[in-house]
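Hi,

Here is the structure I promised to pass on to you. Have a look at it first, and then read my notes below.

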Amino acid sequence: MLISIRDLINEGVKKLETAKIASPLLDVQLLLCHVLEVDKVFLYCHMNDTIDLQKAEEFNKLLEKRYKGCPLQYITNKQEFMGLDFYVDENVLIPRPDTEILVEKILEIMKGENFIKKRSINIADIGSGSGAIGLSLAKYETRCKVHSVDISENALKITTRNSENLEVKQRVKLYKGDMLSPLLNKELEKSFDIIVSNPPYIPSDEIDSLQIEVSKYEPRLALDGGLDGLEYYREIITASPKLLAKNGVLAFEIGWNQGEDLKKLLKETGEYKNVEVIKDLANLDRVVIAVLNPD
Ligand SMILES: C[S@@+](CC[C@H](N)C(=O)[O-])C[C@H]1O[C@@H](n2cnc3c(N)ncnc32)[C@H](O)[C@@H]1O
């Protein structure tokens, strides 16, 4: 039996509503667009069209995944970030709109007086995942040379894939390893203009209480920031002075309530100046910027 797009959408919405999915109509529309390889305008214009059985079955399979809590982005393998299309799957965190605040701040810094005359800007992106941060910087600022580090081989494969899709591969170098350790060598000493990271920052015992899309489907390796969520910030803050050039910038995404902790950690070392916490649109802590103290 053939089924119309309208009926397929209505049935899909009912199913997702019973699973208390936050945006059932939008999710159903996007799943159907993905299966039919069309955009939403097409759906609106062809509500009474019927679709073939094979496509309907494919749609129902994907709907079932969404019903069980799998994030839409892992089903369609897409997430837009900074206006760019990123491939994503279960090996990487889905890039968040909040992280755009960090990228925009770095783009602004690179237009500032300490950077404007530089012909080349060396950036380390620690915990690159999909590559959202480093690759967007490379795409929007062609002076950037990005060194992307991740401990996950599978995440690095996705960074590579996205660097090819975004045509910035030639300016991106990949390192597999633990935080800054793959960069700590004589050649790279004091060579980075910017070190940026959105490290795992959720306290270990809070992960299971997050929404199912995150706790069950996103990689724990991308979430777990240790007992107090600050483990990786401590490591990066301690090791960065060896790698940052004069006036080098350290930039982090942080959790909504971690601003004061980060200020304290940075100040305690005596290695940084101009520590600034930037809030998101909900007025919550989101980004911390600090500059290496030359003294
Ligand atoms: C919160 S995700 C951020 C991903 C991406 N940068 C973004 O902003 O969407 C953290 C990333 O750090 C990586 N990671 C976890 N532990 C690490 C470690 N010890 N060394 C390097 N990378 C690590 C994870 O694999 C994950 O890709």
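Are Y233 and F252 buried or exposed? Both Y233 and F252 are buried (buried means under 20% relative accessible area, exposed over 50%, and partly exposed in between, with a 1.4 Å probe and protein chains only).

Before the rest, some background. This is a predicted model, in which local features need pLDDT of at least 70 and side-chain atom pairs count only at pLDDT 80 or more, while totals for chains, interfaces and linings use all residues. Residues are numbered from 1 along each chain as its sequence is written, and side-chain values use heavy atoms, with hydrogens and water left out.

Aromatic pairs

The whole structure holds three aromatic pairs (rings of Phe, Tyr and Trp, the last by its six-membered ring, pair if their centres lie within 6.5 Å; planes under 30 degrees apart count as stacked, over 60 as edge-to-face and the rest as tilted). For F81 and F86, the ring centres are 6.0 Å apart and the planes stand at 80 degrees, so this pair is edge-to-face. F81 and F86 are both buried. Y233 and F252 also form an edge-to-face pair, with 4.9 Å from centre to centre and 85 degrees between the planes. This pair links distant parts of the chain, since Y233 is in helix α10 and F252 is in strand β9, 19 residues apart (helices, H or I with at least four residues, and strands, E with at least two, are DSSP runs numbered from the N terminus). Ring pairs join Y201, Y233 and F252 into a cluster.

Helix α10

Helix α10 covers residues 231-243 and reaches 19 Å from first to last C-alpha, close to the expected 18 Å (1.5 Å times one less than its number of residues). At I237 there is a kink of about 25 degrees, shortly before the proline P241 (the bend is the angle between axes fitted to the seven residues ending there and the seven starting there). The buried residues of α10 pack against several elements, including β5, β8 and α11 (contact means heavy atoms within 4.5 Å).

N162

N162 is in helix α8 and counts as buried because its relative accessibility is 0%. A polar atom of the N162 side chain lies 2.8 Å from the backbone nitrogen of Y87. Leaving out residues up to four places away in sequence, N162 touches D85, F86, Y87, S130 and L135.

Enjoy exploring!

Notes: A polar contact is a pair of N or O atoms within 3.5 Å; within protein, one must be able to donate a hydrogen and the other to accept it, and residues adjacent in sequence count only if both atoms are side-chain atoms.
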